[in-house]
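Colleague: I have a few questions about the model on your screen. Could you show it to me and walk me through some local details?

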Amino acid sequence: MNFSEVFKLSSLLCKFSPDGKYLASCVQYRLVVRDVSTLQILQLYTCLDQVQHMEWSADSLFILCAMYKRGLVQLRITVWSLCTKSVSYIKYPKACQQGITFTRDGRYMALAERRDCKDYVSIFVCSDWQLLRHFDTDTQDLAGMEWAPNGCVLAVWDSCLEYKMLLYSLDGRLLSVYSAYEWSLGIKSVAWSPSSQFLAVGSYDGKVRLLNHVTWKMTTEFGHPAAVSNPKTVVYREAEKSPPPGLGHLSFPPSRAGTRPLAALESKYEIASVPVSLQTLKPAADRANPRMGVGMLAFSHDSYFLATRNDNVPNAVWVWDIQKLRLFVVLEQLAPVRSFQWDPQQPRLAICTAGSKVYLWSPAGCMSVQVPGEGDFPVLSLCWHSSGDSLALLSKDHFCLCFLEPAEGRAALGQQDSRT
């Protein structure tokens, strides 16, 4: 495993191009485009103001940069054609967390709308932006929607005040309505399996419910209790490594504020004996957006595994075996889990906890890797290259690449697993 040098970054804006050839990053008002293989700068653009959002086009030929400080508030959506240079306007978009979604093949767009205190969905054909279907939804306050990967079904869910999941066909027919309970905070996170066979719904009650694509009924539910007692479940616990002999009595020169010597930061995974009690966080019930419930969900590329995080057990990542519908592995970190993401080519999960390490898990085992360099490098977010051979590790002001060959990764994980 190798690491690149550290480059400057702003607002965690760093993304690989869809074709995997380029890496774009933003430093205040500058957009930097690098060659992925050499990390040499290919293009350097200067914007009018600090960039606050960045997005690649699907063909990797264009980059969108948004500067919200210079924007205007308009209650419409503007569609700019980069081919014909025509402009189309769509009225009444609803301002919600996930109010617009495209099918993966780019043929259709679904848009949430709000008119006369009622929610609607409009489906457009992206080739000419003609309206295909327009229908109202039985929601009190539509919070989000997402197409299935195959583009055949649209999932629409209500705000957290009411547990309601609605599933629509491409022609606007209501296929099913699912509600797990009433009179309590409802849906918090949603994820489709890449195969489109399952829809995972994370809730404020700390459970994930799997809906199947045949009947759209619940196949099973996964709970996140504070204690793991099943002997078939492997629990990995991060533990600090003891410094090498002799280093414990040495005095280190002062480093940057808040950092410690590298030797004291190293860690490893140990297999804990069940039953295991996990660290829990008591949510503040009198505050908005309480830290409770399943806030993160992600399927592996082959749909075999589902990774989850229950926000009131913040240090743990739960990995579920979807074929056997059971808990497979729990990884308990020393710090709250900030982000995780699956390798796009194999069942390998990368995790970060806002510390100077990145963690990798696969069915072969798991490992903790220290990010080298002077001073502190808190990894706040990460993203995989489409090949699965490298990771971009993002901190507040910097980023670097972590290069990991597939064979090397399997060997390292297996070695770590044999030690534990």
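Modeller: Happy to, and let's begin with a side-chain pair: Ser-203 and Tyr-163 are joined through their side chains by a polar contact of 3.4 Å. A polar contact is a pair of N or O atoms within 3.5 Å; within protein, one must be able to donate a hydrogen and the other to accept it, and residues adjacent in sequence count only if both atoms are side-chain atoms. This is a predicted model, where local features need pLDDT of at least 70, side-chain atom pairs count only at pLDDT 80 or more, and totals for chains, interfaces and linings use all residues. Residues are numbered from 1 along each chain as its sequence is written, and side-chain values use heavy atoms, with hydrogens and water left out.

Colleague: Is Ser-203 buried or exposed?

Modeller: Ser-203 sits in strand S20, residues 198-203 (strands are DSSP runs of E, at least two residues, and are numbered from the N terminus). Buried means under 20% relative accessible area, exposed over 50%, and partly exposed in between, with a 1.4 Å probe and protein chains only. Ser-203 has a relative accessible area of 0%, so it is buried.

Colleague: How many disulfides does a search of the whole structure find?

Modeller: The test is a pair of cysteine sulfur atoms within 2.5 Å. A search of the whole structure finds this number of disulfides: 0.

Colleague: For Cys-14, which cysteine sulfur is nearest?

Modeller: Cys-14 is in no disulfide. Its relative accessibility is 3%, so Cys-14 counts as buried. The nearest cysteine sulfur is 5.6 Å away and belongs to Cys-383.

Colleague: And Cys-117, is that one buried or exposed?

Modeller: Cys-117 lies in the loop between strand S12 (108-115) and strand S13 (118-125). Its phi is near 60°, a positive value in a residue other than glycine. With a relative accessible area of 70%, Cys-117 is exposed.

Colleague: What is the phi of Leu-12?

Modeller: Leu-12 is found in the loop between strand S2 (7-8) and strand S3 (14-16). At 31% relative accessibility, Leu-12 counts as partly exposed. Although Leu-12 is not a glycine, its phi is positive, at about 55°.

Colleague: Which proline has a cis peptide bond from Val-274?

Modeller: This residue is in the loop between strand S25 (267-272) and strand S26 (276-277). The peptide bond from Val-274 has omega near 0°, and the proline is Pro-275.

Key. Helices (H or I, at least four residues) and strands (E, at least two) are DSSP runs, numbered from the N terminus.
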